[in-house]
Amino acid sequence: MGETLGDLQQLALLAALRLGADGYGAEIQQELERTAGRAVTLSTVYVTMERLERRGYVRSWLGDATPVRGGKPKRYYALTAPGLAALRQAHEEMTRMWRGLESHPAFGQRTR
Amino acid sequence: MPVPPPRLALRTLRLLAPSARLAELEGDLSEGYNVRLQRQGRLRAWLWSWRQVGSLDLLRLRRILGPPRGSQVPFKRRRLDMVAQHLMDAIRSLRARPMLATAIVLTLAIGSGANTAIFSVVRGILLRPLPYPTPDRLAMVFRTVPRFGFERSPASWPDYADWRAQSPLFSDMAAYARDQRNHRSTEGSERWQGYRVTASFFAVLGVAPELGRAFTDEDDRPGATPVVILPYARWQSAYGATEDILGRVLTLGGEQVTVVGVMPAEFDFPSHTLDYWMPLRADPLQAERDSNYLIVFGRLRPGVSIAAAQTDLTALAARIDREAPDGNQGYGVFIEARHTFVVRNAQRALWVFQAAVGLVLLLACANVANLMLSRATARRREFSLRAALGATRGRMVRQLLTESTLLSLMGGAAGLGVAIALVRVLRWIGTGELPRLEQVRLDPLVLGVTAAAAVGCGLLCGVVPALVTASDLARASKEGPTTTGLGRFGRRLQDGLVVSQVALAMLLSIGAGLLLNSFVRLTNVDPGFDPANVVTARVEAPQLDLPSGPPGPAALPGPVSTRLGFFEDFQRRVAGIPGVSAVGYGYAVPMGPRSFSRNFVPEHLAPAENDEPVLPGNVVAGEYFAALRIPLITGRLFTEADRAGTPLVMVISRTLARRFWPERDPLGTRVRIGTRPGSIVTIVGVVGDTRVRGMNQEPEPVYYRPFAQASWPDELSVIVRTTAAPASVVPLLRRTLWAMDPTLPLTEVATATELIEASASTPRLRTGVLVTFGGFALLLAVVGIYGVIAYRVAAHRREIGVRVALGASAASVTGMVLGRGVSLAVLGTLIGGAAALFATRALGGMLYGIAPTDVPTYAAAAASVVGLAALSSYLPARRAAQVHPVECLRLE
């Protein structure tokens with residue numbers, strides 16, 4: 001069930017991918033806000049990541065603790081092969097659908 | 001250096017977060033908080049933290065992760081998991097029917113908000129103690145004059161002094177009298193309102209000045225250096241709150257007065273709008289025992305009751321009145337707690353408001369219960385399905401209760417908004433009508449009441465549908481699933497709720513209707529003069545810048561002729577203003593604040609010395625009667641010839657003429673005015689009656705004397721009749737006055753229409769409040785009836801379809817449904833009407849010209865309630881008539 005990725009799921013996967021070795025909760029949240037302009041709460045991030053993990057798209061592990069975190073560990077997320085494949089597929093679908101629309105009057109201004 | 005996130009937020013997170021992700025969430029919260037603290041500042045970081053722990057996704061996360069497998073989860077956390085689950089379900093189910101949820105929240109908001117607002121007013125005015133030490137020991141001491149029905153009259157200086165010295169039950173007494181003076185500064189002239197008070201005044205109240213000193217007995221001696229104490233507000237506004245105010249010399253009423261003190265901000269005795277306190281300095285002219293002008297109050301010794309003080313002082317006063325040669329024989333005393341005195345006029349109205357708003361809350365509760373009941377039954381299929389899938393009955397009841405709690409919390413929050421808005425409105429429209437209004441605010445107790453009202457109402461309304469659903473489920477499991485709606489218990493409950501809603505709405509409509517009716521009568525009363533195109537203002541003669549107390553029985557010294565000349569000159573100049581058609585003066589204007597009374601003894605009467613009639617009088621000049629269009633009935637009005645030195649004359653009102661000369665013509669009769677044997681005045685005319693004290697007061701017998709023959713006052717109200725808009729004349733009036741003397745203020749400017757409106761503002765406030773509540777009540781009742789009938793129609797579609805299939809006409813179906821709604825409404829109306837027969841007695845004193853059992857009002861209320869009920873059941877009835885049998889049967 002649920003072969004396609006939700007919008008927030010895609011963004012979260014992309015954030016984890018961009019962050020690489022730094023892909024943990026607080027950083028994913030900030031990356032979403034910084035790059036995508038999406039202000040979501042920490043729990044939303046964890047709900048999304050948990051669902052992705054259950055679909056086998058990411059795996060997670062507990063990592064180090066820093067003083068700024070009050071000595072609490074980070075939960076890191078990394079994309080699995082199926083996760084990467086799903087992201088790639090989503091991107092291809094999007095690109096195909098966008099193809100030719102760059103010169104569409106409704107979007108003309110954006111590509112100029 | 002990392003800073004830990006807000007403690008309470010962290011705790012909330014620990015409570016709500018699933019244990020499987022708690023450690024990393026805590027770390028992330030701390031990290032995110034620190035990042036934002038550096039970049040965006042404390043407030044933004046704080047807000048961010050709370051948004052994190054307030055997120056619904058926290059509960060969602062908890063549900064996804066569930067309890068860790070194989071581990072022993074403590075009971076507390078398991079229960080929390082359950083609450084989280086219920087909460088999520090509740091939110092989802094409310095979102096599924098947003099209109100219904102909105103209706104419930106709005107109903108609760110109106111009910112709890114209106115209650116909070118009125119309760120905050122009741123608490124501030126009636127329940128909060130006065131802001132003085134041991135305020136319950138402060139008591140007012142009045143003179144009573146039983147033969148005139150005066151309950152709260154002032155006392156004289158000698159009486160006050162004797163009482164103070166001799167009463168054993170008061171630890172001390174003080175007295176004050178109203179005063180007003182012109183304050184002159186470099187910025188011009190301004191009228192100040194103040195009080196002259198005894199040296200004991202501040203000590204009896206137990207309040208010391210914020211700055212400087214209180215008055216001493218030295219200040220009170222005649223001939224002492226004049227001193228003044230200022231209220232905090234005036235010190236702040238006019239003198240910039242600088243400490244060098246002490247020792248400053250002000251020009252007040254033509255005297256050089258030294259500031260010796262400033263009172264604290266919350267000190268508001270005897271009123272919170274005053275400009276100064278000055279020593280009383282008992283005037284020898286006003287030191288006679290029958291010159292009653294002082295308001296007396298005292299502090300009771302600990303443990304002394306008002307009743308004991310009343311008995312004791314009554315005996316003491318009676319002895320003094322008997323023994324003193326010029327005593328006030330036939331007078332009594334009346335002692336009243338200060339708080340009772342302050343709130344006496346507002347008390348009844350406020351309790352009526354509180355009762356009315358309580359009824360609105362009851363109605364709101366009934367409405368919410370009904371809506372919830374309909375909602376619960378509409379979800380029968382959902383519940384049967386869940387029951388079939390293994391959900392326990394307890395779990396579903398808990399589910400319904402969670403939903404109603406959530407709704408009541410939302411209703412309470414919205415109610416808080418309603419309350420804040422309503423309190424603002426009440427403070428605005430109640431200014432001048434309600435005492436102590438500045439004490440009214442939303443405090444923790446008041447807010448507790450809102451919360452209790454909303455949550456209590458919501459829970460109560462949630463329990464009943466939950467129980468009904470539970471019993472329904474029990475029935476359904478025996479009889480198999482049905483779709484025909486509520487069981488018998490549920491239906492009866494719903495009917496009962498509708499009937500009580502209608503009854504409550506009827507009760508409130510009758511109350512509102514009676515007040516509205518009485519208000520309309522009040523505004524249609526003939527005041528006895530023509531208020532259109534009349535403007536009045538207070539003018540003071542310039543030469544006599546003396547303190548002007550209330551008129552004493554003795555003549556004030558002063559050049560009467562100069563005063564008269566000034567007023568005549570001003571009158572001539574005003575008459576020359578374009579658009580002015582008549583100019584007159586009166587000491588008192590109708591509906592104005594001033595009045596005085598004198599003994600009035602016609603020649604043919606020979607009453608006992610202590611039984612002489614006392615009647616209100618007025619001193620007039622110029623075209624007073626023409627300016628107000630008060631008609632002359634017989635005889636003549638005053639002329640230029642009625643001057644000092646010519647025979648004293650007066651004009652009387654028709655009621656006065658009828659009272660003393662029911663058979664004869666009073667013209668030419670001689671009357672002694674006041675107590676001195678020499679002041680004999682001849683009646684030369686009779687004029688029409690005017691309502692002097694207010695539209696709800698019957699016309700009083702009044703006599704008028706010409707200013708040219710009176711020895712006082714030094715200030716009069718000018719009354720100007722115009723042909724144009726009266727307000728347009730005011731600037732010209734002021735310019736005319738300033739052309740004569742630029743230091744003179746023109747005060748109390750008002751049109752006669754405004755004076756009448758102001759006199760009716762108390763009834764207007766009461767009517768407005770009750771009509772608003774009555775409107776709320778009707779609205780809620782209509783929504784209630786509509787909801788129930790519409791729901792019934794929906795639930796009985798199949799039955800209706802069968803009837804139509806068997807040949808029932810559309811009209812008969814409509815009639816059946818309509819009949820159901822109307823019969824419930826009629827029953828409710830009867831109950832509400834019967835209750836109103838008793839409840840409206842509480843309105844007694846607030847009604848004018850209408851009985852609390854006025855039949856037309858009851859009939860009109862009943863007609864509108866039943867009419868609205870019929871209308872609100874007509875829409876669902878019509879929908880029922882359009883039911884197509886085939887379509888209905890296909891549903892099965």
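## Confidence in the model

For the complex, the predictor reports an ipTM of 0.91 and a pTM of 0.68. Chain B has an average pLDDT of 82, and 91% of its residues score at least 70.

One stretch to treat with care is residues 544–558 of chain B, where the pLDDT is below 50. That stretch still has 36 contacts in the model beyond near neighbours in sequence. Where pLDDT is low, the predicted coordinates should not be read in detail.

## Chain A

Chain A has 112 residues, of which 32% are buried. Its secondary structure consists of 5 helices and 2 strands. If you follow the sequence, these elements come in the pattern α-α-α-β-β-α-α, with the two strands sitting between helices.

## Chain B

Chain B has 892 residues, and 42% of them count as buried. Its secondary structure is made up of 26 helices and 23 strands. Among contacts in chain B between residues at least 6 apart in sequence, 83% connect residues at least 24 apart.

## Where the chains meet

Now for the interface. Here 19 residues of chain A are in contact with 23 residues of chain B. On chain A, at least two residues each come from α2 (25–36), α3 (42–54) and β2 (73–79). Helix α3(A) gives the most to this side, with 6 residues. Sorted by class, the side of chain A that touches chain B has 8 nonpolar, 6 polar and 5 charged residues.

Two helix pairs in chain B are worth a look, and they share helix α2(B). Take helix α1 (residues 7–16) of chain B and α2(B) to begin with: their axes come within 10 Å and cross at roughly 160°. An angle over 145 degrees counts as roughly antiparallel, so α1(B) and α2(B) are roughly antiparallel to each other. Their crossing is right-handed. On the α1(B) side, the contact is made by B:Leu10, B:Leu13 and B:Arg14; on the α2(B) side, it is made by B:Leu22, B:Leu25, B:Glu26 and B:Leu29. By class, this contact has 5 nonpolar and 2 charged residues, and no polar ones.

The other pair joins helix α2 (residues 22–40) of chain B to helix α3 (residues 42–53) of chain B, which pack at an angle of about 155° with their axes 7 Å apart. That angle makes α2(B) roughly antiparallel to α3(B). Here too the crossing is right-handed, as α2(B) passes α3(B). From α2(B), the contact uses B:Leu29, B:Gly32, B:Tyr33, B:Arg36, B:Leu37 and B:Gln40. From α3(B) come B:Arg42, B:Arg44, B:Ala45, B:Trp48, B:Ser49 and B:Gln52. The residues of this contact divide into 5 nonpolar, 4 polar and 3 charged. B:Leu29 takes part in both contacts, the one with α1(B) and the one with α3(B).

B:Ile104 lies in helix α6 (residues 98–127) of chain B. Why does B:Ile104 count as buried? The cut-off is 20 or more other C-beta atoms within 10 Å, and B:Ile104 is buried because it has 28. Leaving out residues up to four places away in sequence, B:Ile104 touches B:Val368, B:Leu371, B:Leu407 and B:Gly411. B:Ile104 and B:Ala369 are separated by 265 residues in sequence, yet their C-alpha atoms are 9.1 Å apart in space.

B:Tyr293 belongs to strand β11 (residues 292–300) of chain B. With 19 other C-beta atoms within 10 Å, B:Tyr293 is partly exposed.

Definitions and conventions. Residues numbered from 1 in each chain as written. Chains lettered and ligands numbered in written order. Predicted model: local features only at pLDDT ≥ 70, side-chain atom pairs only at ≥ 80, totals over all residues. Helix = DSSP H or I, 4+ residues; strand = E, 2+ residues; numbered from the N terminus. Buried ≥ 20, exposed ≤ 12 C-beta atoms within 10 Å, placed from the backbone. pLDDT = per-residue confidence, 0-100. Contact = placed C-beta atoms within 7 Å. Nonpolar A, V, L, I, M, F, W, Y, C, P; charged D, E, K, R; others polar. Axes fitted to C-alpha atoms, helices over the stretch in contact; angles between N-to-C directions. Parallel < 35°, antiparallel > 145°, perpendicular 65-115°, else oblique. Left-handed = near helix turned anticlockwise from the far one by under 90°.
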